[in-house]
Amino acid sequence: MSGEFNFEVMPFEAYDGFRTLALEQGGFEVEKEFGRRARSRGVSARAPRVMSSRSTRPSVSPFTGPKKPPVRTPRFTLPRWPWRVASEPYGTAVAPYPDEPLPAGSEYMRWVQSALNDVLGLRLPLHGIADSATRSAIRSFQQREGLPVDGVVGPDTERALIAARGGGSPRDGAPKPTGPGVPEPSEQVNPPQTASAPGLSEPTPRSSAAEFEWDSFEQKLDDTRESAERATVKDRVATGERDPNALTDMVFFRRHPERRGQKLGVNEPRLAAEWKTILRDIVMPGLAHGHAPSAARVKISDREIRATLDMAAKKVPGLGITIKELLVRHQAEARGIPIEVLLAFIHFEAGRLFDDATAGKWNEKHKKYVPSFYELGVFQTPAGDHGCTNEAGAKICRYRPPGRNVENSQFGKGWRRLAGAYPTESNWKDPTMQVRVGLWDLSSTADRVHAAFAALFPSRQSEWFLRMAVLYSFAAGAGAARLFLRKFKNELLALPEAKRWDFLQGKNVGTFYFNPENVDKKMALAAKLCAVRGTTIAQTPGGTR
């Protein structure tokens, strides 16, 4: 044993064999998630070199020279189990740990891996070892959350994981992590010698009690992820989020952070099916069972109340009266819709009041502006086609308000009914005509819904009628209102009017889901305005004032 060997110490990450092992242990999902990033770092494929000390240079002891070289303890990441145990010349097994204990096998790291699986939709093995795949997942999560990307779970990263997972601190009833000063259970290793690799041995196989079925393990991971997603949806619903599409997007993009919020394309049917599954199995049950009564769902600030009152007190161009006075002047044409509801409607729908001409919003899926027609004036009455297109990011509208084919729109029909002619580009901003046409549109649409379901609306002045027949028919369309009333007619008839609106929360007809947000905020503001005036909106059949 006179010969000695000098080893050139290299980080384990530099040896491609360990990276392959980590990818095999982590599964196809880890390779898909982190393969691109691993290749971009330019990892060297060199293996550790072993050089004999019998060289032409004389052997020099490191302690006889004029200066003692610095001792640097290399920090590196261990490969995953199974480890090969090196044997010294006299057969004593050496523990495969570095001199400085690492938090390998700790309960805390198992929690980190479980949280990363839930948040990022991965399948990291829960072995408690901070290996390269785990650190890559940590860096991916940190980059997504806008945190410093260092691959270390510090206080900020831990808080972000808890928030993204929907609660559950790693220290709530979790065992203390292992580390310096914490005794580890001892295990005797009897390395059998092999002819192919003298001096190396495999650890004894684990007992059958330690084996598990991989399919069962995958199912447990999926169940844990869905439980965390349901908890997150429940929390968001409790804070007032009622949009099922927004909630589904939240869950979907947490599963797929690599998409960075990119919408689905028509050539991605598998992901589209997953999105619909999230909507059906996670979001809609959360909306159905986690909603609060409509009065408690929306909070209206004092600032919004003041803004609405200021708007009501503005002078109408050319008339010398306020907007509120103009509404009172034509109150008979409102067919019982309270002034407070009309003011709340204008506050949320018409930011520019009589000059407001909304020409749709860009729809990335269909590559066009939706809807294709103008919505004009203080009541955003549907008018003619705008013909808007997206030209290099700029919105270009081919037709000016009131739009092409305005005679076939509600705005054009109402204008002709009241004035005997259709609106033009020069007169569509007339305040009096806008108010009268808008009130006719709201009341006539509600009349059609009432006529089709008269048994469901014994009074035109109840809150139920205002919500469903008037406001929801405007927000979602009269066709959508009739769909829900037709499907749930018997259930609604069995309920008092005051409970019918809350009954519809979370319901769906096919792929169309009931979204009450637009109506709820208008009615909440109207209730605040009524409190200022000392009036109420009727909950049951009867008058509103």
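Which residues does Gln434 touch, not counting residues up to four places away in sequence?

Reply: The model is a predicted one. In it, Gln434 touches Leu353, Phe354, Gly377, Val378, Phe379, Trp428 and Lys429, leaving aside residues up to four places away in sequence.

H14 has 22 residues, and the distance from its first C-alpha to its last is 32 Å, close to the 32 Å expected at 1.5 Å a residue. At the N-terminal end, H14 is capped by Asp430, with a side-chain oxygen 3.2 Å from the backbone nitrogen of Thr432.

Helix H13, residues 410-419, contains Gly414. This glycine touches Val437 and Trp440, again not counting residues up to four places away in sequence. The C-alpha atoms of Gly414 and Trp440 are 6.8 Å apart, although 26 residues separate the two along the chain. Gly414 is buried, since its relative accessible area is 0%.

The sheet may be taken next. It is an open sheet of 3 strands in the order E5-E8-E9, with antiparallel pairing. Strands E5 (357-358) and E9 (381-385) stand at the edges; each has a single partner strand, so one side of each is left without a neighbour in the sheet. Strand E8, residues 373-376, is joined to E9 by 3 bridges, and the two run antiparallel. Opposite Pro382 in E9 stands Glu375. In general, strands of a sheet pair through backbone hydrogen bonds, either parallel or antiparallel.

The structure holds 15 aromatic pairs. One of them is formed by Phe345 and Phe474, edge-to-face, at 4.8 Å centre to centre and with 65 degrees between the planes. This pair links distant parts of the chain, with Phe345 in helix H12 (residues 339-349) and Phe474 in helix H15 (residues 463-475), 129 residues apart. Phe345 is buried, with a relative accessible area of 1%. A further edge-to-face pair is that of Phe457 and Phe465, where the centres lie 5.7 Å apart and the planes make an angle of 85 degrees. Both Phe457 and Phe465 are buried.

Tyr472, Phe484, Trp501, Phe512 and Phe514 form one aromatic cluster. Lys507 lies over the face of Phe503, at 4.2 Å from the ring centre.

Helix H3, residues 107-120, has 14 residues and reaches 20 Å from its first C-alpha to its last, close to the 20 Å expected at 1.5 Å a residue. H3 is mostly covered, with 12 of its 14 residues buried; among them are Tyr108, Met109, Trp111 and Leu120. Just after H3, Gly121 adopts a positive phi of about 70 degrees.

How values were computed. Residues are numbered from 1 along each chain as its sequence is written. This is a predicted model: local features need pLDDT of at least 70, side-chain atom pairs count only at pLDDT 80 or more; totals for chains, interfaces and linings use all residues. Side-chain values use heavy atoms; hydrogens and water are left out. Helices (H or I, at least four residues) and strands (E, at least two) are DSSP runs, numbered from the N terminus. The expected span of a helix is 1.5 Å times one less than its number of residues. Buried means under 20% relative accessible area, exposed over 50%, partly exposed in between (1.4 Å probe, protein chains only). Contact means heavy atoms within 4.5 Å. Rings of Phe, Tyr and Trp (its six-membered ring) pair if their centres lie within 6.5 Å; planes under 30 degrees apart count as stacked, over 60 as edge-to-face and the rest as tilted. A charge sits over a ring if NZ of Lys or CZ of Arg is within 6 Å of the ring centre and within 35 degrees of the ring normal. A polar contact is a pair of N or O atoms within 3.5 Å; within protein, one must be able to donate a hydrogen and the other to accept it, and residues adjacent in sequence count only if both atoms are side-chain atoms. Two strands pair if DSSP finds at least two bridges between them.
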